[in-house]
Amino acid sequence: MNFVTVARVADVEPGTVSAVKAGEVEIALVNLDGEFYALQGHCLHLQGPLGEGRLDANHYLTCPWHGWKYDPRTGKNDFDLAIQAETYEVRVEDGEVKVGLG
């Protein structure tokens, strides 16, 4: 697996989501209480930009277009567990957030 640097830890505050790219792959990078998670960059509903979404009080990543919600830890949809966004392995090394591809 190839790990690509997508952000610096200091640039993604806890409780926030950032739209990043790993090569040509668009990713929603989530900092959930200091732990980083990476999901595909577009919602499974109508391809809304998950990287522009928000985390709710229950830690779900909410798509800004139509409110679909995903658990950033697993990618599972909150109302239909059969629906799952693609997730990526994340490593933090030397202050950099890296996402695994391949």
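This briefing walks through selected strands, side-chain pairs and backbone features of the structure. The model is predicted. It holds five salt bridges, one aromatic pair and zero disulfides. Strand β10 is largely enclosed by the rest of the structure, because five of its six residues are buried.

**Strand β10 and its partners**

- Strand β10 covers residues 96-101.
- Strand β1, residues 2-8, runs antiparallel to β10, and six bridges join the two.
- Within that pairing, arginine 8 has glutamate 96 of β10 as its bridge partner.
- Strand β9, residues 90-93, also pairs with β10 in the antiparallel sense, here over four bridges.
- Valine 92 stands opposite valine 97 of β10.
- Strands β9 and β10 form a hairpin with two residues between the strands.
- In this hairpin, aspartate 94 takes a positive phi near 50°.
- In a regular strand, side chains alternate between the two faces of the sheet.

**Salt bridges**

- Side chains of opposite charge can pair when their charged atoms come close.
- The count here is five salt bridges, and three of them are described below.
- Aspartate 56 pairs with lysine 69, with 3.1 Å between the closest N and O atoms.
- Aspartate 56 sits in the loop between β5 (54-55) and β6, while lysine 69 is in strand β7, so this bridge ties together parts that are 13 residues apart in sequence.
- Lysine 69 has a relative accessible area of 25%, so it is partly exposed.
- Glutamate 89 and arginine 91 meet through their side chains in a salt bridge, at 3.7 Å from N to O.
- Glutamate 93 and lysine 98 form a salt bridge at 3.2 Å, N to O.
- Glutamate 93 is partly exposed, at 33% relative accessible area.
- Lysine 98, by contrast, counts as buried because its relative accessibility of 18% is under the 20% cut-off.

**The aromatic pair**

- Which two residues make up the edge-to-face pair? They are tryptophan 68 and phenylalanine 79, whose ring centres are 5.3 Å apart.
- Their planes stand at 85°, so the pair is edge-to-face; the cut-off for that label is over 60 degrees.
- The pair links distant parts of the chain, eleven residues apart.
- Tryptophan 68 lies in the loop between β6 (61-62) and β7 (69-70).
- Phenylalanine 79 lies in the loop between β7 and β8 (87-88).

**Glutamine 40**

- Glutamine 40 is in strand β4, which spans residues 35-40.
- Its relative accessible area is 16%, so glutamine 40 is buried.
- The side chain of glutamine 40 reaches the backbone oxygen of histidine 42 at 2.8 Å.
- That side chain also reaches the backbone nitrogen of glutamate 86, at 2.8 Å.
- Leaving aside residues up to four places away in sequence, glutamine 40 touches Glu26, Ile27, Ala28, Leu50, Ala85, Glu86 and Tyr88.

- A disulfide would need the two sulfur atoms within 2.5 Å.
- Both residues are buried: cysteine 43 has 2% relative accessibility, and cysteine 63 has 4%.

**Positive phi in loops**

- Most residues other than glycine have a negative phi.
- Aspartate 33 is not a glycine, yet its phi is positive, at about 55°.
- Aspartate 33 lies in the loop between β3 (25-32) and β4.
- With a relative accessible area of 60%, aspartate 33 is exposed.
- Glutamine 47, also not a glycine, has a positive phi of about 65°.
- Glutamine 47 is found in the loop between β4 and β5.
- At 46% relative accessibility, glutamine 47 is partly exposed.

Methods:
Residues are numbered from 1 along each chain as its sequence is written. This is a predicted model: local features need pLDDT of at least 70, side-chain atom pairs count only at pLDDT 80 or more; totals for chains, interfaces and linings use all residues. Side-chain values use heavy atoms; hydrogens and water are left out. Rings of Phe, Tyr and Trp (its six-membered ring) pair if their centres lie within 6.5 Å; planes under 30 degrees apart count as stacked, over 60 as edge-to-face and the rest as tilted. A salt bridge is a side-chain nitrogen of Lys or Arg within 4 Å of a carboxyl oxygen of Asp or Glu. Buried means under 20% relative accessible area, exposed over 50%, partly exposed in between (1.4 Å probe, protein chains only). A polar contact is a pair of N or O atoms within 3.5 Å; within protein, one must be able to donate a hydrogen and the other to accept it, and residues adjacent in sequence count only if both atoms are side-chain atoms. Contact means heavy atoms within 4.5 Å. Two strands pair if DSSP finds at least two bridges between them.
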